Amino acid sequence: MTDPSTADRREWWTRPATVLPVVASIALLVAFLTPQAAQGRFGDSRLSTHLAGAQGARLLADLSKRLGWTVIQRDSQPSPEAADARTIHAVLAPPLPATAEEAHQFLTAVRGGDALLLVVDGRSPLSDSLGVTNFRRGGLLPRRAGAGAECAKYTESVPPVWPDGRVHLYGLRWLRGVPRGNVVFATLSPDETGSTAPGDAAVGFAYGNGRVVVVADPDLMRNDVLRHCGWGTDVITVRILEWLRAGGDAPRTTLAFDEYHQGYGAKPSVFDVTGSFLVDHPAGRAILQLALAALVLLFAVAPRALPPVHVEAIERRDPLEQVDALAHAYEQVHATKTLAARLLRGVRWRVERGGSVARARADDAFLNDALARAPSLGDDVARVRHALAATIPDRDLPALGEALRRIEHTLTTTIS
C-alpha cells in the first residue's frame, strides 16, 4: 500500500502553488521580449473633429475655439440650409462624399457670402464643381524660417510621422485652370528623388461673395502633424482660417465642421434600403408581388390547426319526383278530400291572382262568391263541396276535374 505522503511528494509539479507562478513568469517574459512597432499611425483614419487620435482633427477644433471662433460640429445636417455671411464651412476629406445636390447647397452658401474650407482626398462632386483634385505624388513642405530657435524649448518625445522628419504632402491639380487672384498658403518643393513638385498644397480664391480654400492633403491638418512645432503646419492652418474669416461685410466667426459625411449622420439600415427597393423600384415591386402570391399559396396548401368541418349534404328529391311520389301516396290512402283541396287551391291562385287578402278567405266563401257571379255553376260548385267534405270514388275524380276546370274558365272569363 502506497504511503499518501510519498504520492503527494511525487506530484508536487501539479500543485497550483507551483504551476501558476511559472505560467505568470512565462507570460511576462513573452510580453517584454515581443517586438512592438515604435512608430506609425494607428486607429481611425477619418479627419474628424470628434477624433483625438493621431489621424483625427480634434486639435484643429480646439485650436479654433481658443482663437475665438464659434465651433459647430454638424453631425445630423448634410449641408447648409442658407447663407448668413458669418460661417466657414469645413469639409475635411470625408469618407462619404457629398452628393451633387449637397455640393450645390454648399457652393450656393459660399456665393451668398459664406466661406468654404475643403480638404480633398480624390475626386468628389464638390471638388469637381470647383474644378480641382490632388496629385497622387507629393512634394516637401519647406521648413519654416526660424522654427529651430522657436521650437527648441519643446521636446518631441514621439517619433515623427515621416522618417526623414520632413512633411510630405500631395499637391493640387486644377481641372479647368488655376483661379484668378488666388492666394497660396503652402507651396511644395521637389522631394529627395528630384522630381518636379506637383504645385501647391493649399490655395485660396474668391467665389461669388465668399471665399474658398482648397487643401490637397488631409495630412496637413491631422493631430499628429499640427502638434509638431518645427513643421509649421499650425501656422499655415491659422493663416487659412484668418483669410477665410475676412473678405466679407462682417467677420466670419462661426466654424462649422461637416461631421455628417464623416459617418456621424443618420446611417441607412438594411431594412430601409430593402423596403425602398421593394416599394420604389419596378423590379422590387414585382418581387414583392411574387412573394405575396407565394405566401397566399403557402397558406392555402398548408395544414390548418383546426381542420374544416365536413358539411353533410342531404340528398333531396327532384320536384317532379315529389309530384309522382305524392300522387302514388294519395292513391294508396285514397285521399280524395286532400286531392280536391289541392286542386281547388290551384284554381283559387290563378283566379284571384295570388292576393294575400283573397287567399285568407275560406274555400266556402270562394265557392259562394263563384256561385253568386255565375249561377250556372251550381252543379259544379255542389260537386266540389261534396268532394271536400267526403271521400268520393275514384271514378268520380274525372268529373271533379271537369267541374274545377269549368269554374276556373267561367270566373277568369267573367273577371277579364
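A charge is said to sit over a ring when NZ of Lys or CZ of Arg is within 6 Å of the ring centre and within 35 degrees of the ring normal. With that in mind, here are some close-up views of this predicted model.

**View 1. Two arginines sit over tryptophan rings.** Start with arginine 245, whose charged end lies over the ring of tryptophan 69, at 5.4 Å from the ring centre. Then look for arginine 211: its charged end is placed over the ring of tryptophan 243, 4.3 Å from the centre.

View 2. A search of the whole structure turns up three aromatic pairs. In one of them, tryptophan 174 and phenylalanine 205 are arranged edge-to-face, with 6.0 Å from centre to centre and 75° between the planes. This pair joins distant parts of the chain, since tryptophan 174 belongs to strand β5 (residues 168–174) and phenylalanine 205 to strand β7 (residues 200–207), 31 residues apart. Both tryptophan 174 and phenylalanine 205 are buried.

**View 3. Phenylalanine 185 pairs with tryptophan 243.** Here the ring planes meet at 70° and the centres are 5.7 Å apart, so phenylalanine 185 and tryptophan 243 form an edge-to-face pair. Distant parts of the chain are linked once again: phenylalanine 185 is in strand β6 (residues 183–187), while tryptophan 243 is in helix α8 (residues 233–245), 58 residues apart. Phenylalanine 185 is buried, as is tryptophan 243.

**View 4. Arginine 222 is tucked into a loop.** Follow the chain to the loop between β8 (210–215) and α7 (223–226), where you will find arginine 222. Is this arginine 222 buried or exposed? Its relative accessible area is 9%, and buried means under 20%, so arginine 222 counts as buried. Its side chain reaches the backbone oxygen of serine 45 at 3.1 Å.

**View 5. Leucine 92 and the nonpolar cores.** In soluble globular proteins, nonpolar side chains tend to be buried together. The largest nonpolar core in this model has 36 residues, and those touching the most other members are Leu92, Leu117, Val215 and Ile240. Helix α8 gives the most to this core, contributing five residues. To explore around leucine 92, set aside its neighbours within four places in sequence; the contacts that remain are Leu47, Ala57, Leu60, Leu117, Val119, Phe257 and Gln262.

Notes:
Residues are numbered from 1 along each chain as its sequence is written. This is a predicted model: local features need pLDDT of at least 70, side-chain atom pairs count only at pLDDT 80 or more; totals for chains, interfaces and linings use all residues. Side-chain values use heavy atoms; hydrogens and water are left out. Rings of Phe, Tyr and Trp (its six-membered ring) pair if their centres lie within 6.5 Å; planes under 30 degrees apart count as stacked, over 60 as edge-to-face and the rest as tilted. Helices (H or I, at least four residues) and strands (E, at least two) are DSSP runs, numbered from the N terminus. Buried means under 20% relative accessible area, exposed over 50%, partly exposed in between (1.4 Å probe, protein chains only). A polar contact is a pair of N or O atoms within 3.5 Å; within protein, one must be able to donate a hydrogen and the other to accept it, and residues adjacent in sequence count only if both atoms are side-chain atoms. A nonpolar core is a set of buried Ala, Val, Leu, Ile, Met, Phe, Trp, Tyr and Cys residues joined through side-chain atoms within 4.5 Å. Contact means heavy atoms within 4.5 Å.
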